[in-house]
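Let's take a walk through this structure together. Have a look at the sequence and the model, and then we'll go through some details one by one.

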Amino acid sequence: MTTLSIFHQNQPEQALTVVTDPDAIRNKLSAHGVHFDRWATRDLPADATEEEILEAYADEVARLKQDWGFQTADVISLTADHPQKDAFRQKFLDEHTHSEDEVRFFVRGQGLFYLHFGDQVYALLCEKNDLISVPDGTRHWFDMGPEPEFTCIRLFSNPEGWVASFTGEDIASRLPRYESLAGGA
């Protein structure tokens, strides 16, 4: 279940608020400029290729490109048996920003976005059907867990794709990780 947990950065042991209603999640995130939506997913084979996934969502991707000015789209997919899963997890675990919006649509599985606003951290457990757009300059990080199982469509304004500027802050190491917040999900 999509879940938003809000923490005070200095008291990470207990969430101040936990929200599961999609409309309430949308409202809380939009107050910070984060776009959250739920899209219908298509029945695709587990081994669908990037081309098949992008073709299945061609209308939605085209609309986002037109409305938001994105230039490229790709698909990222990780499974628990991926030989570099630990390296990929580590790559996204430190707080960083981007000079463009970070957009992800979860076609399959789940992952945990952390968004740092002032002295609060919003931990959003995204799952299949969830679309999130993190505004450029927003401090955040992503945790896919130790046994990742997800497929996402990513959209970029920068043709180079994912480019991060790390903040050097250790806040990501102080907040509960995927294992704690996703539970047995």
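**Charged pairs, a loop and a pocket**

In total, 13 salt bridges turn up in this structure, and keep in mind as you look around that the model is a predicted one. Side chains of opposite charge can pair when their charged atoms come close.

Start with Arg38 and Asp130, whose side chains meet in a salt bridge at 2.4 Å, N to O. This pair ties together distant parts of the chain: Arg38 sits in strand S3 (residues 35-38) and Asp130 in strand S8, 92 residues apart. How open to the outside are the two partners? Asp130 has a relative accessibility of 0%, so it counts as buried. Arg38 has a relative accessible area of 31%, so Arg38 is partly exposed.

Next, find Arg104 and Glu102, which also pair up through their side chains, this time at 3.1 Å, N to O. Are these residues buried or exposed? Arg104 has a relative accessible area of 5%, and because buried means under 20%, Arg104 is buried. Glu102, at 6%, is buried too.

Now move along to Arg174 and Asp170, with a salt bridge of 2.4 Å, N to O, between their side chains. Here Arg174 comes in at 36% relative accessibility, so it counts as partly exposed. Asp170 is partly exposed as well, with a relative accessible area of 44%.

Asn129 lies in the loop between strand S7 (120-127) and strand S8 (130-134). What is the phi of Asn129? It is positive, about 90°, although Asn129 is not a glycine. With a relative accessible area of 17%, Asn129 is buried.

Finally, think about the gaps between atoms. Rolling a probe the size of a water molecule over the atoms shows where empty space is left. The largest pocket here has a volume of about 200 Å³. Which elements give two or more residues to its lining? Those are strand S4 (72-78) and strand S6 (102-117). Among the lining residues you'll find Arg42, Leu44, Pro45, Val75, Ser77, Val107, Arg108 and Lys128. Sorted by class, the lining of the largest pocket holds seven nonpolar, two polar and three charged residues.

How values were computed
Residues are numbered from 1 along each chain as its sequence is written. This is a predicted model: local features need pLDDT of at least 70, side-chain atom pairs count only at pLDDT 80 or more; totals for chains, interfaces and linings use all residues. Side-chain values use heavy atoms; hydrogens and water are left out. Helices (H or I, at least four residues) and strands (E, at least two) are DSSP runs, numbered from the N terminus. Buried means under 20% relative accessible area, exposed over 50%, partly exposed in between (1.4 Å probe, protein chains only). A salt bridge is a side-chain nitrogen of Lys or Arg within 4 Å of a carboxyl oxygen of Asp or Glu. On a 1 Å grid over the protein atoms alone, a cavity is a set of points where a 1.4 Å probe fits but cannot get out, and a pocket is an open set with protein on both sides within 12 Å along at least five of seven lines; lining residues have an atom within 4 Å of a point. Grid points are joined across faces, edges and corners, and a volume is the space filled by probe spheres set on the points. Ala, Val, Leu, Ile, Met, Phe, Trp, Tyr, Cys and Pro count as nonpolar, Asp, Glu, Lys and Arg as charged, and the others, Gly among them, as polar.
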